[in-house]
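Hi everyone, thanks for coming. Let's take a few minutes to walk through this one together.

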Amino acid sequence: MEEKETVSPVPEQKAVTLPPDGSLLLSSSPHIRTSLSINKIMGEVMLCLLPAAVMAVCRYGWNAVRVIGLCMIFCAGWEMLWCKVTKQAQTVRDLSALLTGMILGLNLSPLLPWWLCLAGSFVAIVIAKQVFGGLGQNPFNPAAVARVALLVGAARPMTTWAELPSAFAQMDGVTSATPLTAASQAAAQHADLALYNSSDFLKNAFLGNIGGSLGETCTLAILIGAAGLISLKLIRLYIPLAILGTITVFVWIVNAAAPGLTPGPLFHLLTGGVMLGAFFMATDYVTSPVTNLGGVVFGIGIGVIVCVIRIWGSFPEGMSFAIVIMNALVPLIDKFCYKRPFGWNPVNAYQPRRGEIK
Amino acid sequence: MTNVILAALALAILGLVLGMLIGYTAKRFAVQTDPRIEAITELLPGANCGGCGYAGCADYARAMVEDGVSPAGCAVVSEENFQKISQALGQDSGKRERKVAVVYCSGDNGHARRVALYNGLNDCRAAAVLSGGGKGCRFGCIGLGSCARSCQFGAIELRNGLAVVHPEICKGCGKCTEVCPRKLIRLVSAETKAHVYCNSLDKGPAKRKNCTAGCLACRKCVKAAPDIFNAQGFLVRAREGAEISDELIASINCPTGALQSVADHLRSGKGKEGAA
Amino acid sequence: MNSHHLPAAPHHFAGGIHPADGKAMSASGTIRIPPLLDKYFLVIQQNIGIPPKLLVKKGDPVKKGQLIAEAGGPISVPLHAPTSGTVGDTLDIPGANGAPVPAVEIISDGKDEWCEPMEPYADWRNVSRERLLARVKDAGIVGMGGAAFPTHAKLSPPPERAIDTLVINGAECEPYLTADDHLMREAAQAVITGAGICAKILRISHVLIGVEENKPEAITALRAAAKGIRDLSVVPLHVRYPQGGEKQLIYALTGRKVMAGGLPMDVGCVVQNVGTLAAIADAVINGRPLIERVVTVTGSPVAEPGNFRFRLGTPVRKALEFAGGIRKEVRKLILGGPMMGFAQSSLDVTVSKNTSGILLLAADEVRQFEAGPCLSCGRCVEACPMRLLVSTLSKVCENERYDLADENYVMNCLECGICTYVCPAGRPNVQHFRRAKAELRTMKRKN
Amino acid sequence: MPSNEWLTITVGAILVNNIVLSRILGICPFLGVSKKIKTALGMGGAVIFVMGIASLTTACLYRWLLSVKLDFRIGSFAVQNLDMGFTRILVFIVVIAALVQIVEILLQKFSPALYGALGIYLPLITTNCAVLGAAQLNAESGRGILQSTVYGICSGMGFALALILFASLRERLELSRIPKAFQGTSIALITAGILALAFMGFSGLVK
């Protein structure tokens, strides 16, 4: 050992200015923390929703601005009002209410009257979130619950769509129904579904030239947003991939078993709220399982329920139903999909034996 | 008409048959329970505070009946019900002394020195291991209110960083004494009218540095009333259950105000909060 | 890398993070030796276990390295004077975890004279392992990585435990700290010698030294010092906190998993910190007890951050003076690293056998806990090296449902701090778990 | 759409016309015994058992006694074309009540832990509308005895499913900071409402 007995030159004794009495902060370890915060996360998710919102405005003009804006304002308003009435600290600054409003707005029809936006926001913020204790405590996705409530309670306004100024609208001849509704009607009448599997149609669906709720028509815009979510490390891919994969496989099997019952897998992936739901709603932290395995189970459940409702149910679209139903299962999934702690049951347990020791 | 009579008859027969069947099963598979357990459970307060050391009142009642545990373990039950329980158990009940909890500290934010800011769980036990949550005194009240939250009866008030027990509400269950990491809450006879509200075993100067309301062991009180007050090291304690008149306290005039009557202690905190 | 028929060594573990490490601040330069102080305040109990028994009284003259407290039991180590002089008062000073602890004051006479040294075993290979083990104990050596567990106890596993590997922890995964890094660079030979002594005591030859890849100089130095030693390998590890956690390190180096609630010896390993090894080498070869250690003094408010060889009992106030003083407002004073160290409220705490660092954080570097609502985002679950369901646990503990906390394996928590570091809601998870563990321990003791 | 009769009965009873979430029957035990998954499992099992047996018994009674015209004579007293169908509810209640009483006694004897956990709610199944409802629905839809039994069991399974789902949610809600005004039954009812809303998505799966 190279012992250094020589004393190195000492810096001249500078008086240590002590922090004043009682100003040192005492807290438990760790003493450093990530710069991430809740409102940062919410803001970034909203940023990722922007492409879809912009596309909605391009397609539907002021109506889109109106519905999305109203929902955001109403949601924030309800949150502020709730905090005021229950005399608790204002939580609107965590941006979660605005995000809920934005997602809700993107889930609605551009022609929805303002009072339904108000009611929907009330359901989302007050009934689905605040009565459960606010952010982080709600078992159900607020936007999905609001959409389900509106779908059930106000089916007509929710499914009335603007005239589509696109080439496809004329081609289809259906202006008041989404392709999903049209396809399910066509299937019920045993009509030919080839139209919905044509590459022309699918291209339109990908680019957003079809009818539907504000934010869910343009798959491309949603995928751009999803890429943002992933690159910002806001979501993990387990849930969306499980949903999309399940839908693909399920529809493929149904198609193989009973042709003519429903259009192909691509149709189901590109229409309706699947993309928006898979990337932005099912991945909601609060209401999805925390483990990766749980996420996969959750996603598979959503995929199956969506397909069942779409193919056999009386509602043409089942994404929000599926999300809310699977939300109810999350506590169970979390319970059963949790692998135990490190070293709990070592598969490759190593037990050295006496003879092995030199 | 015949139909109705027949229906009634048929139902009556059905009822009879089923009733007999139930009667038979009830006899055949009967389970014996002691009716006293239920009766005593009814008499207990039902707060399930756990002060007796059992999992709730029903469990305690079971223990009383089956294991012969004394009913005196429940501090909360009213005198009347206590007598009834003793009767039901066929035991001779003695007179119980009412006890209340006392927080032996008067170091609220106006008196105790803060050496650091505390940032973390709002819980005394968690703060106790972190240099005691920032107050300089390592014996005094941490002031995060774990005891107040543990009290089923809402008898503890957190006042300006100091827990204060309201003796008229306190049932003496002793839950707070277990929760307090500093062990400065004790159950004492409700008859004691004044206490030395300090728990610090530090030497005088060290105590003085950390708190302006601590007992400095000047022994003024011990000299005035040696039969009531006795000094243990650097801390004076009033004898439990001693008669201490307000005049005596006034004549002693404790220099730091650590010796206070219970009523004054309750009042003074309020006044200071208003001032702060 | 090794000839043993072991599970594949993964060189990393599941979970973990790499926080901004701030090591650059103190990484340059060499270990500095501070001048002698007038007074040292030696905390009497510097080891986990039984406190040692004080042998001196006020006014006694002492020499440097003289025994001033003897081991109080099997899990206890003696304590030695850091310099020559006289024994002063026995008084209470703030301890590292906040509670006051008894300490003895040593008033220096400025001569710094050594006492009669223990017999140097320069040729340690020919000394019996019993004598080596006794020397480790007599020199007062404890685990210097932080646990302060008496090393001689760790080196004498029960005979029914078969040990085949000595795992050496040079990972130093804690951000900001570079004490082990410097030690490995400057005293690599001592580390290797210490490893050899430990291996001899354990009657094994297989030694693995794990060093994170961000310390290339240390790896080079260790490899140079270990040249020609069969069965000893220096393994570069992924840079990932908590690579230096005992279980994580063993897994990364050998692929063996220590069972929950188990000890390294269950899988045939003994883990030692590099600082401990250097101290062992010094004790065996030079016959010197443990009276000083390398400490990193760092943080943005420190004028001249670096590594120092402090005598035990040096007050932090003095330590900061040696490091050039404070140049901006301090918000937090931490003994140890930022992830697992203890925040202090007083500058009167002293350097003890397990103090690896003195870290100051300025106001703008400290983000306070906010106890926001848990979003169940799963970042903590992803990062937990023990694979606990942290989000659920955190909520359970917040509600003081310790029964549920136990069901959710809270007792396996390492308190490494990752879950709290990554939490966007700023929840004080580690504190929750600490409290839950303490409550559960008392509950279990009662029953 | 699944045309198979059995599929209709099972899927219909479990999902589409879930006895709790769609028909809003049996709410009392649904709210009462859903605090813990463990008790919910026990209760679910009890309900499946009781509903199955009750459906079987009542279907037999209905098929062979209540829905047929009876002709009999006792001595000189002759009855012709006696239709006892109108006593259906009375008979069902009496039979189910007796059945549950017996089950309760047996449980107390053989599984005191489960008995303690189910507490007051076992007697509640005695006159539970869910059990009676299943019997009534069977009688109304004119199902055969086997179909009725299967329907009863599946309704019980639907109840158990809803109960377990709900219990797991409530275990989570227990850890939430629910405003005082909404704690307990009120939040449970809101949750049940949202669940019912979501289960409406299954409408149309069976006719």
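Before we start on distances, a word about domains: their bounds here come from an automatic or database domain assignment. Keep in mind, too, that this is a predicted model.

Let's begin with chain C. Domain 1 of chain C covers 1-33 + 118-366, and domain 2 covers 379-446. Taken over C-alpha atoms, the centres of domain 1 of chain C and domain 2 of chain C are separated by 27 Å. How many residues does each domain bring to the contact? Domain 1 of chain C gives 13 residues, and domain 2 of chain C gives 13 residues. Look at the side of domain 1 of chain C that touches domain 2 of chain C: nine residues there are nonpolar, four are polar, and none is charged.

Now let's go from domains to chains.

Last stop, chain D. Please find helix α1 of chain D, residues 5-16. Which of its residues are buried? They are D:I9, D:T10, D:V11, D:G12, D:A13, D:I14, D:L15 and D:V16. And what covers the buried residues of α1(D)? The cover includes α8 of chain D, residues 145-173.

Note on methods
Residues are numbered from 1 along each chain as its sequence is written. Chains are lettered from A and ligands numbered from 1 in the order in which they are written. This is a predicted model: local features need pLDDT of at least 70, side-chain atom pairs count only at pLDDT 80 or more; totals for chains, interfaces and linings use all residues. Two residues are in contact if their C-beta atoms, placed from the backbone, lie within 7 Å. Ala, Val, Leu, Ile, Met, Phe, Trp, Tyr, Cys and Pro count as nonpolar, Asp, Glu, Lys and Arg as charged, and the others, Gly among them, as polar. A residue is buried if 20 or more other C-beta atoms lie within 10 Å of its own, exposed if 12 or fewer, and partly exposed in between; C-beta atoms are placed from the backbone. Helices (H or I, at least four residues) and strands (E, at least two) are DSSP runs, numbered from the N terminus.
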